[in-house]
Amino acid sequence: MNGVLHPISQIYRVAVATLGDMGFDIISAPDVDTAWNNFESLRLTADHPARLGQKEFSLTNGKLLRTHISNTQMYALNHKQPPLRVMYMGKSYRNEATDASHEIVFNQLECLAIEENLSIANLLSLLDTFTKRLLGQDVVYRFRPHLFPFTEPSIEVDIWHDNTWTEVLGSGMVHPEVLKNIGIDPNRFRGLAFAMGIERLAYIKWNTDIRDFHANKLAFLNQFKDKK
Amino acid sequence: MKYLYSWLQDYYPELPNLDQLESVLVQLGHDVESITPVARDGLVVAEIKDIQPHPNGEKLSCVTVDTGLSQLKIVCGAKNLITKQKVVLATPGTTLPSGNKIQITTIRGEQSAGMLCSGEDLGINSSNPGLFILPEDAPIGESAKPFLPLDAVITLDITSDRGDVLSHFGLARDLYALKAKSVLQFNFKVPALPQSNSQLQLDTIHPDCRGISFVLTTYDAAIQTPMLWQCRLSLVGQKCINLPTDLTNYIMLSFGQPLHAYDASRLTSYYFGVRRAHDGERFTTFQSKQLRLTPQNLVITAADKPIALAGVMGSQDTGTTASSTQVVFEAASFVPKSISLSARGLNLLTDAALRFERHIDEDSRHNIFDHAMALWCDVTGGSIVATTASKPVPILKSEFVGNVVELVDYIGSPLPYTKIQALLESIGCLITHTDDTNWTIISPSWRHDLVNMEDYAEEIIRLVDINKLAKKPLSPSVPQWKRSPYWKNEFLKDTLVALGLTEIQTYPFISLEEIQLLGIDQQKSLELCEAPIGNKNFLRTNLTPSLLKAVADNPETPHISLFEIAKVYSTEGEIEQIGIVLASNSQTQIDIKWQNMFERLRLPVSSWMSRIKNIEPDVFKYYKIRKPIVTILEMPIEQFNQIKTFDILPVAIADLDSMEIKPISHFQTSRRDVSVIVSKDVDAYKLATDILRWGKTINIIETSIFDVYRDPAMGSEKQSISIRITFQAHDHTLTQTELNDYQSKLNQYLQEKYHGIIR
């Protein structure tokens with residue numbers, strides 16, 4: 001009798017395979033990081049309204065648990081000099097109340113491409129390919145202009161699900177200030193990035209309570225068994 | 001913010017239809033939370049049958065109307081009533097847009113069974129002050145809704161960079177830009193100014209205030225806020241208070257400029273200033289909140305005494321009331337950060353403070369204030385007594401010098417330069433060319449977010465509809481990802497799953513108690529300032545506590561095999577660790593399982609068996625684990641991968657769409673045991689499966705056979721099968737009554753399908 005691969009791992013594999021085949025390498029960064037790497041370097045300054053919506057867990061040693069996986073952008077050059085394509089995944093932590101659609105620990109996958117002639121057209125193409133690979137060729141989706149401090153322009157991808165538009169991906173062209181903070185010359189290189197919450201996609205897709213993914217109840221996990 | 005469709009139409013009459021509006025707003029980057037129609041039930045077509053003057057009210061009439069079902073008497077104050085007119089009757093129980101609830105009432109001694117509505121009563125901006133007249137052929141007694149203009153309240157989630165659309169005119173202007181014709185204009189009114197005035201004087205104005213104006217006007221407190229304003233303010237969620245305050249809110253929601261109104265008679269002086277608060281300075285807000293200010297707060301003063309928290313809210317003792325006879329209005333512009341820090345520092349982010357934080361249009365402040373004062377004089381019949389204004393600080397225009405070729409290249413779509421220019425001009429930019437492609441772009445005074453090329457690129461994609469832009473694939477690149485540790489780990493996961501283990505994902509938080517219990521080195525553990533859950537304010541240095549909790553959380557499963565590959569944290573850094581836990585009530589089973597695992601992984605069995613940890617009884621007690629034997633193997637994944645290398649073999653990629661997942665119930669399960677005598681030919685396991693399939697309708701979630709036996713007393717053709725049935729409902733804990741009902745249904749099923757005899 002087979003056991004079960006966790007649904008989060010299963011979703012990761014489809015996403016990672018899609019991006020991996022497009023030349024994205026896998027890198028990683030620590031969960032425990034500095035406020036600079038997590039916030040300021042990404043233009044989430046102390047008084048920015050977007051930062052006020054992202055309460056963090058801080059440690060007694062002065063560092064914090066990252067509130068998003070984007071801190072990894074600051075480690076990109078440890079992998080190689082540009083041009084580069086990297087993806088990274090792992091846990092992020094938000095200090096907020098949990099309910100059926102909010103968790104304190106959640107998985108994210110983000111990818112970052114830094115090359116000389118990237119354009120918004122490249123980002124739209126990447127989002128299109130990725131969304132269709134993950135959710136099926138027939139998925140109905142739309143791009144929507146949005147605001148993130150670390151990208152300009154910023155774009156969210158909504159899918160039509162359960163008779164309403166639901167946001168699944170956040171993306172954008174990396175802001176020139178952020179490129180500088182990474183250590184890249186924004187006059188020479190451009191960057192694009194997009195990120196996805198794995199549990200979020202899972203609870204939307206399967207209409208469950210987001211907390212089920214960390215509750216580790218076998219009754220829940222056994223539903224994800226490979227039927228073959 | 002909430003917007004009223006008809007209010008937007010004031011500024012942009014040919015606004016897209018309501019059914020198209022949502023997609024247009026989304027295209028512009030304004031997320032639509034909801035669109036709620038204004039039309040309400042309870043409004044009925046009625047025909048005027050008879051009009052009689054009210055015996056006790058000069059300006060009132062007693063009108064008899066036919067509603068089809070009956071003839072009702074309504075007291076009405078409208079002029080020019082004509083019989084046979086079809087009008088809108090608001091029936092008792094209806095709530096009008098102003099928030100007014102209609103009831104059967106008595107007006108000056110005469111009963112009124114409802115209300116006949118004017119346009120304004122219905123929230124309609126009509127120039128006709130009388131009753132709203134419906135077409136001749138409007139059917140009596142039917143709903144009046146189809147005959148009223150379509151209106152709706154639109155709730156938008158505006159991004160923090162777009163302070164310019166936090167008003168009806170601002171949003172209308174953004175929508176108008178899609179026509180790529182010109183910038184939406186508005187004809188601001190100008191009030192009549194007094195001949196001479198020196199009553200209002202200015203003291204020092206702090207540099208954080210970039211300009212401030214005061215106007216003293218007369219006020220007749222008997223005059224009510226116009227019904228149209230009442231309806232509009234109420235519909236967009238703003239309370240109506242009194243005319244001066246309502247005017248300030250109406251102007252703010254119309255044009256985005258916050259204003260403030262003070263009761264002139266409660267001001268000790270007309271010598272106004274703006275300064276930083278003194279440390280500990282006391283201030284009572286108009287909401288009666290007592291505050292102690294700091295120099296982080298900016299205050300507006302009269303004779304150096306604070307009369308308002310600048311840009312935030314007024315004081316209790318200077319607010320307008322029903323007995324005010326003169327009002328001082330004030331309009332100002334501040335350094336955004338100053339108001340932001342002041343307001344957020346006191347946790348008082350008011351509508352006004354939010355707009356200052358997000359930048360107001362300094363260029364338009366005077367026009368808007370003039371218009372507000374002209375409206376005031378129109379509505380009250382009052383006049384301006386005196387004015388004063390500070391010398392405004394010069395407004396800095398944001399200038400961008402760039403090359404349009406670079407801009408088009410950044411977007412990646414073949415957009416003609418003429419189109420780019422037209423689009424930028426439609427949002428108010430001023431473009432000058434040094435040559436064909438080198439441009440200087442000056443952004444309009446209401447936009448503070450357009451600084452660099454990327455910001456302009458974002459404007460273009462908003463205006464041309466991002467979903468229509470070209471897509472260009474990334475250049476092909478050689479995949480390297482299968483050489484990464486991720487791949488190795490995933491292959492290991494597949495191997496363990498094939499061996500019957502289930503992967504879990506746990507929280508990394510542990511408590512000091514657990515650290516002490518498990519003998520973990522506290523010095524090496526990282527501590528959080530606040531426990532995310534319960535008393536768990538440390539990060540785990542190994543996976544054991546998390547694995548044990550997962551075992552404890554599955555008490556119903558007799559044999560558990562779980563694993564996790566996840567990070568562990570210490571003062572020396574973070575490492576990826578693999579942890580495997582096998583728990584059972586059978587030592588033999590566990591030993592066999594471990595041996596089997598090591599053999600399949602081709603690892604030396606005896607040396608690996610010695611790496612396994614057996615969990616101690618006191619640990620069991622703490623985690624409330626009921627299974628008697630728990631064994632854990634864990635080590636850094638690097639170490640595992642070094643000891644055992646795998647060939648690069650394919651890793652399974654799931655078909656996510658083929659999974660049918662049901663959310664699990666969080667309500668209590670109940671168990672009943674059933675013993676049934678059936679034919680010896682019945683397969684016990686098939687019986688259990690049949691019951692499970694059929695039993696979905698009676699909330700059976702699990703069946704398991706726990707006994708099968710034959711007894712000569714039953715006869716040679718019979719056997720007894722005992723089954724444990726687990727019931728669980730999705731949305732509540734099942735009651736005894738329900739369970740008894742289910743049991744009798746189950747017994748019936750067994751009798752009918754299997755000719756079973758229940759024991």
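Predicted model: local features only at pLDDT ≥ 70, side-chain atom pairs only at ≥ 80, totals over all residues.
Residues are numbered from 1 along each chain as its sequence is written, chains are lettered from A and ligands numbered from 1 in the order in which they are written, and side-chain values use heavy atoms, with hydrogens and water left out.

**The two chains**

Chain A contains eight helices and ten strands, and chain B contains 20 helices and 36 strands. Helices (H or I, at least four residues) and strands (E, at least two) are DSSP runs numbered from the N terminus.

| Chain | C-alpha spans | Accessible surface |
|---|---|---|
| Chain A | about 55 × 45 × 35 Å | about 7,700 Å² |
| Chain B | about 110 × 75 × 60 Å | about 35,600 Å² |

Carbon and sulfur atoms account for 48% of the accessible surface of chain A and for 50% of that of chain B.

The radius of gyration is taken over C-alpha atoms, and the globule rule is 2.2 Å times the number of residues to the power 0.38. For chain A, with 228 residues, a compact globule would have a value near 17 Å, and the 18 Å of the chain agrees with this. For chain B, a compact globule of 759 residues would have a radius of gyration near 27 Å, but the chain has 38 Å.

Buried residues (under 20% relative accessible area; exposed is over 50% and partly exposed in between, with a 1.4 Å probe and protein chains only) make up 68% of the 228 residues in chain A. In chain B, 53% of the 759 residues are buried. Contact means heavy atoms within 4.5 Å. Among contacts between residues at least 6 apart in sequence, 65% in chain A join residues at least 24 apart; the corresponding share in chain B is 70%.

Lys and Arg count as positive and Asp and Glu as negative, with His and the chain ends not counted. The charge is placed at NZ of Lys, CZ of Arg, CG of Asp or CD of Glu. Chain A carries 24 positive and 26 negative side chains, with the centres of the two sets 4 Å apart. Chain B carries 71 positive and 87 negative side chains, and their centres lie 4 Å apart.

Helix H12(B), residues 485–498, has 14 residues and reaches 20 Å from its first C-alpha to its last, close to the expected 20 Å; the expected span is 1.5 Å times one less than the number of residues. Eleven of the 14 residues of H12(B) are buried, including Trp487(B), Phe491(B) and Leu492(B) as well as Glu490(B), Lys493(B) and Asp494(B). Just after H12(B), Gly500(B) adopts a positive phi of about 100 degrees.

Helix H14(B), residues 544–552, has eight of its nine residues buried, so the rest of the structure largely encloses this helix. Among them are Pro545(B), Leu547(B), Leu548(B) and Val551(B).

**Ala50 of chain A**

Ala50(A) lies in helix H3(A), residues 49–52, and is partly exposed, with a relative accessible area of 31%. Neighbours within four places in sequence aside, Ala50(A) is in contact with Leu44(A) and Pro149(A). The C-alpha atoms of Ala50(A) and Phe148(A) are separated by 7.6 Å, although these residues are 98 residues apart along the chain.

Definitions and conventions. Areas by Shrake-Rupley, 256 points an atom, 1.4 Å probe, with all protein chains shown as cover.
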